[in-house]
Amino acid sequence: MFDRYEAGEQAVLVHISFSDENNKEDLDELKLLVSSAGVNALEAVTGSRKSPHARYFVGTGKAQEIADTVKALHADVVIFNHALSPAQQRNLEGLCECLVLDRTALILDIFAQRARTYEGKLQVELAQLRHLSTRLIRGWTHLERQKGGIGLRGPGETQLETDRRLLGLRISTIRSRLNKVAKQREQSRRSRQRNEVPTVSLVGYTNAGKSTLFNRITDAGVYAADQLFATLDPTLRKIDVEDVGNCILADTVGFIRHLPHDLVAAFKATLQETREATLLLHVVDCADECYRGNVDEVQKVLEEIDAGEVPQLMVMNKIDALDNVAPHIDFDDQGKPVRIWLSAQAGTGIDLLFEALTTLLSGEMRTLQLALPVEQGKLRAIFYEMECIESEGYAENGDCLLNIRVNNIDWQRLLKQQGQIIEEYVISAN
């Protein structure tokens with residue numbers, strides 16, 4: 001749809017420092033993004049400005065320097081570590097005579113490479129089309145060309161109008177398909193909620209080690225690599241937590257500074273797992289010097305998707321890259337775990353993580369003694385399945401005497417499933 005130069009694998013990076021905090025980006029992060037996209041960075045052109053230039057984003061002199069660098073190095077693409085307007089992008093392409101991408105387009109390209117599932121591919125295409133729809137005006141040099149025909153009245157459609165109509169139709173089709181997938185996901189979520197199965201969602205900055213931790217806990221074998229956005233498609237697995245029972249662990253897409261709004265909107269169904277989770281495991285790369293800033297960025301995205309109020313447990317990952325840091329738990333004044341220090345790669349501290357999950361998810365533990373009649377053998381089997389029986393005996397009348405220890409959440413769930421009649425068999429409770 002665009003009259004554009006073909007993208008290659010040799011890139012010139014452009015990073016401009018601004019005094020405005022809202023426009024600040026990280027050059028090292030751009031290099032990681034470019035590497036994740038499979039592009040070879042030849043050189044980085046840097047500079048500083050108080051505000052973006054209207055025509056080229058950078059000044060005219062810096063723009064010419066970028067164009068000269070492209071020609072000298074025979075680069076195929078220029079990648080800006082900033083968001084460019086359609087006009088700025090088109091002006092730079094005319095000057096540099098090669099493809100120019102901004103930060104948003106680069107992230108979208110990485111997402112397009114990573115998508116594997118049907119839903120993921122649809123979400124990425126929707127985000128790409130939304131981004132593309134803002135750039136149609138500069139995409140054609142023949143916008144006044146109109147289509148008509150014999151017997152047609154009026155001038156017909158311009159090429160721009162045709163493109164807008166086709167884009168609108170495709171976006172509408174994708175939204176319809178995503179709504180069907182979202183309904184299926186919602187049905188599964190409602191089923192878990194009816195059974196009161198806790199959901200634990202992994203969140204964090206991209207490349208913090210979420211998928212490595214997910215594999216360590218579940219043996220799921222999902223793709224994990226030392227690159228940004230290695231995980232795109234959400235994965236759900238069942239885990240067993242002591243005194244809690246079965247829980248659902250969800251691995252989700254990582255966040256990043258200035259995550260494109262089109263992506264946040266497109267991945268709304270996926271992020272629903274985060275928004276409705278029982279607990280968030282906020283995975284942090286504590287070996288990263290900028291980890292405090294990364295934590296703040298993740299919190300901003302969580303607020304944006306209405307997940308800021310969900311309880312969190314900070315998981316300080318990659319302690320194997322630090323000196324003299326052993327796995328341990330940090331507690332608050334009430335004795336609740338707030339931070340876990342571990343290494344998912346080395347597998348150290350995983351037992352402490354499960355210990356913290358038990359504390360946060362189990363709620364109050366109850367000790368009960370029950371006298372079950374012979375005809376209630378099904379209830380006895382359920383208690384054995386829950387692995388909550390501490391001892392068993394028999395009364396003179398043949399009743400089965402059970403001493404059980406169960407968390408209050410599981411007990412309330414059992415009352416709902418079996419009816420309040422089960423309370424008639426309780427002899428004592430603590």
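In the predicted model, helix H5 covers residues 118-133 and holds 16 residues. The distance from its first C-alpha to its last is 23 Å, close to the 22 Å expected at 1.5 Å a residue. The buried residues of H5 are Glu119, Gly120, Leu122, Gln123, Val124, Leu126, Ala127, Leu129, Arg130 and His131. In general, residues three or four places apart in an α-helix point the same way, because there are 3.6 residues a turn. Among the buried positions of H5 are Leu122, Leu126 and Leu129, and the charged residues Glu119 and Arg130 are also on the buried list.

Four strands form an open sheet in the order S2-S1-S3-S4, with parallel pairing. Strands S2 (40-49) and S4 (99-101) stand at the edges; each has a single partner strand, so one side of each is left without a neighbour in the sheet. From one strand to the next, the twist averages 20°. Strand S1, residues 10-18, pairs with S2 in the parallel sense over nine bridges. Within this pairing, Val14 has Val45 in S2 as its bridge partner. Helix H3, formed by residues 86-96, lies across S3 and S4 and runs at about 145° to S4.

Backbone phi values were examined next. Most residues other than glycine have a negative phi. His74 is placed in the loop between helix H2 (60-73) and strand S3 (77-80). The relative accessibility of His74 is 64%, so the residue counts as exposed, the cut-off being over 50%.

Asn207 likewise has a positive phi, of about 70°, although it is not a glycine. Its place is in the loop between strand S7 (199-204) and helix H7 (210-218). With a relative accessibility of 19%, Asn207 counts as buried, because the limit for that class is under 20%.

The cysteines were considered last. A disulfide is a covalent bond between the sulfur atoms of two cysteines. The structure holds zero disulfides. Cys286 has a relative accessibility of 7% and therefore counts as buried. Cys388, at 5% relative accessibility, also counts as buried.

Notes:
Residues are numbered from 1 along each chain as its sequence is written. This is a predicted model: local features need pLDDT of at least 70, side-chain atom pairs count only at pLDDT 80 or more; totals for chains, interfaces and linings use all residues. Side-chain values use heavy atoms; hydrogens and water are left out. Helices (H or I, at least four residues) and strands (E, at least two) are DSSP runs, numbered from the N terminus. The expected span of a helix is 1.5 Å times one less than its number of residues. Buried means under 20% relative accessible area, exposed over 50%, partly exposed in between (1.4 Å probe, protein chains only). Two strands pair if DSSP finds at least two bridges between them. Axes are lines fitted to C-alpha atoms, for helices over the stretch in contact, and angles run from 0 to 180 degrees between N-to-C directions. Contact means heavy atoms within 4.5 Å. A disulfide is a pair of cysteine sulfur atoms within 2.5 Å.
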